[in-house]
Amino acid sequence: MSQQNLKNMSFEEALEQLDALVRDLEGGRIKLDDAVEAYDKAVGLKKLCEEKLKAAELKVEKIEAAADGKLKTEPLDKIED
C-alpha cells in the first residue's frame, strides 16, 4: 500500500485493516514472505492511527460558560486547581 493511500484512509478504515492483519499474523495463516509484508503494512497503519488520534486530541477542547455567560475553551486535559 502506497504512502498516499494511507494518508487518504480514515482512522476507522486503518484500524479495521490493522486488526485484520494482526489476526492473520497471530493465526499463522500466511507464508513468511507475506507475513513480513503484512508486518510492514501493519507498522504503517499503526503509525497512521497514532497520528490521527494525536491530531484529534489536539482539537478536543472543553467548552465552559463564564459567569457573564460568555463561552471559552480550554484544553480538555487541563488540571483544575
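In which helix does V22 lie? V22 lies in helix α2, one element of a predicted model. Residues are numbered from 1 along each chain as its sequence is written. Because the model is predicted, local features need pLDDT of at least 70 and side-chain atom pairs count only at pLDDT 80 or more, while totals for chains, interfaces and linings use all residues; side-chain values use heavy atoms, with hydrogens and water left out.

The protein chain has 3 helices and 2 strands, and along the sequence they follow the pattern α-α-α-β-β. Helices (H or I, at least four residues) and strands (E, at least two) are DSSP runs, numbered from the N terminus. Of the 81 residues in the protein chain, 16% are buried. Buried means under 20% relative accessible area, exposed means over 50%, and partly exposed lies in between (1.4 Å probe, protein chains only).

Confidence is given as pLDDT, which the predictor assigns to each residue on a scale from 0 to 100. The mean pLDDT of the protein chain is 84, and 88% of its residues reach 70 or more. Where pLDDT is low, the predicted coordinates should not be read in detail.

V22 and Y39 are 17 residues apart in sequence, and their C-alpha atoms are 8.3 Å apart in space.

The structure holds 3 salt bridges. A salt bridge is a side-chain nitrogen of Lys or Arg within 4 Å of a carboxyl oxygen of Asp or Glu. One of them joins the side chains of D19 and R23, at 3.0 Å from N to O. D19 and R23 are 4 residues apart in helix α2, so about one helical turn separates them. D19 is partly exposed at 40% relative accessibility, and R23 is partly exposed with a relative accessible area of 46%.

Another salt bridge pairs D24 with R29, whose closest N and O atoms are 2.9 Å apart. Here D24 is partly exposed, with a relative accessible area of 28%, whereas R29 counts as exposed at 57% relative accessibility.

A further salt bridge links the side chains of E50 and K46, at 2.7 Å from N to O. Both residues lie in helix α3, 4 residues apart, about one turn of the helix. E50 is partly exposed at 43% relative accessibility, and K46 is partly exposed with a relative accessible area of 44%.

Helix α3 spans residues 32-59 and also contains E37. E37 gathers with D33, D34 and D40 in a patch of negative charge on the surface. Patches are made of residues with over 30% relative accessible area and no salt bridge; like charges are joined within 9 Å, and nonpolar side chains (Val, Leu, Ile, Met, Phe, Trp, Tyr) within 5 Å. E37 counts as exposed because its relative accessibility is 58%.

Among the strands, β2 covers residues 71-75 and includes T73. T73 is partly exposed, with a relative accessible area of 47%. From T73 to I63 the distance is 4.5 Å, C-alpha to C-alpha, and the two are 10 residues apart in sequence.

Methods. Accessible areas come from the Shrake-Rupley method with a 1.4 Å probe; for residues, only the protein chains shown count as cover. Lys and Arg count as positive and Asp and Glu as negative; His and the chain ends are not counted. The place of a charge is taken as NZ of Lys, CZ of Arg, CG of Asp or CD of Glu.
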